[in-house]
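Here's a quick briefing to read alongside the model. Have the sequence and the 3D view open as you go.

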Amino acid sequence: KDFWIETVKTIRGEAVNIAEPKQTSSVSAERNTRLKEGDGMPPFSLTNQNGERITLNTFRGQPFVLTFVFTRCPVPNFCPRMSNNFEELQTAIKAGTGLLATTRLLSVTLDPSYDTPKVLNDYAAFHHADPKIWTFATGDGKEIDSITGAFSVYRQNEGGTISHGLATALINRDGVIERIWRGNAWTPAEVTAAIQGKK
C-alpha cells in the first residue's frame with residue numbers, strides 16, 4: 001500500500017561495485033551536534049508561504065511544532081501523513097485552551113528548489129491551513145541543509161524525487177526543544193498531550 005519499486009533493470013554481476021562505507025570525523029562530529037530534547041532551538045531564517053522572512057523570534061513566546069515535508073512527496077505515510085497530522089493538530093489548537101490554544105505549527109520544505117512560496121501557499125490551501133496557526137517555509141539550500149542537519153533529517157535527491165527521513169519537534173515558548181519524535185509513528189493526540197503536559 002505504501003511503497004513500490006519501479007524501473008528495475010538487470011545488470012551483469014561484474015558491473016556491481018560494492019564499496020565499503022568510510023566513516024569520517026565530520027560524520028562523527030555531526031552526530032555529536034544532533035539536537036536533543038532539552039537543547040535550545042538553533043536560530044533560523046526562512047521564507048514563509050506569503051514570501052515573508054520568518055525566524056526563531058517569529059515564534060518566541062509561544063510553543064510551536066516543527067516538521068519537514070515536501071509538496072511532491074509520493075509516499076502516503078511520509079509527508080502526506082505529516083501534513084494530515086498537522087491538519088488534525090490545527091483543529092485541536094483551534095478548539096484548545098491554555099498553552100495548546102497558543103501553539104503554532106511550522107512545516108519546513110525538504111525541496112526548496114521546487115517548493116517556492118507560491119507552491120507552498122497552494123499546498124497550504126489544500127490542507128486548509130490557517131496562516132495564523134500553520135506556517136509553511138522554504139529557504140535557500142544552505143538554510144534548509146542547516147535546519148535538516150540540526151535534526152539529523154537525511155535528504156537526498158534520487159530518481160526525480162527526494163529520499164528523506166522524518167523528525168517532528170515540540171519547541172516551548174522559551175525556544176527549548178521539549179520533545180522530538182523520529183519517524184512517522186507519532187499521533188496528533190500524543191503531541192497535544194505533550195503540549196498540555198508542559199507548564
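**Ile 162 and its surroundings**

Leaving aside neighbours within four places in sequence, Ile 162 is in contact with Phe 70, Leu 110, Asp 111, Arg 155, Gln 156 and Asn 157, where contact means heavy atoms within 4.5 Å. Keep in mind that this is a predicted model: local features need pLDDT of at least 70, side-chain atom pairs count only at pLDDT 80 or more, and totals for chains, interfaces and linings use all residues. Residues are numbered from 1 along each chain as its sequence is written, and side-chain values use heavy atoms, with hydrogens and water left out.

- Ile 162 sits in strand S7, residues 161–164; helices (H or I, at least four residues) and strands (E, at least two) are DSSP runs, numbered from the N terminus.
- Ile 162 counts as buried because its relative accessibility is 8% (buried is under 20% relative accessible area, exposed is over 50%, partly exposed is in between, with a 1.4 Å probe and protein chains only).
- Pro 74 is 88 residues away from Ile 162 along the chain, yet their C-alpha atoms are separated by 9.4 Å.

**The protein overall**

- You'll find seven helices and nine strands in the protein.
- The protein has 199 residues, and 42% of them count as buried.
- Among contacts with a separation of 6 or more, 69% are between residues 24 or more positions apart.
- The accessible surface is about 11,300 Å², with 52% of that belonging to carbon and sulfur atoms (Shrake-Rupley method, 1.4 Å probe; for residues, only the protein chains shown count as cover).

**Where H3 meets H7**

- Helix H3 (residues 79–95) packs against helix H7 (residues 188–196) at an angle of about 45 degrees, and their axes are 9 Å apart; the axes are lines fitted to C-alpha atoms, for helices over the stretch in contact, and angles run from 0 to 180 degrees between N-to-C directions.
- That angle makes H3 oblique to H7 (under 35 degrees is roughly parallel, over 145 roughly antiparallel, 65 to 115 roughly perpendicular, and the rest oblique).
- On the H3 side, Asn 85, Glu 88, Leu 89 and Ala 92 do the touching, and they meet Pro 188, Val 191 and Thr 192 of H7.
- By type, the residues of this H3–H7 contact are four nonpolar, two polar and one charged (Ala, Val, Leu, Ile, Met, Phe, Trp, Tyr, Cys and Pro count as nonpolar, Asp, Glu, Lys and Arg as charged, and the others, Gly among them, as polar).

- Asn 121 lies in helix H5 and, at 32% relative accessibility, counts as partly exposed.
- Beyond its neighbours within four places in sequence, Asn 121 is in contact with Gln 49 and Asn 50.
- Leaving out neighbours within four places in sequence, His 127 is in contact with Ser 83, Asn 84, Glu 87 and Trp 134.
- His 128, in the loop between helix H5 (117–126) and strand S5 (134–138), is exposed, with a relative accessible area of 57%.

**Positive phi values**

- Most residues other than glycine have a negative phi.
- His 128 has a positive phi, near 55 degrees.
- Ser 152 also has a positive phi, near 55 degrees, and is found in the loop between helix H6 (141–150) and strand S6 (155–158).
- Ser 152 counts as partly exposed, at 33% relative accessibility.
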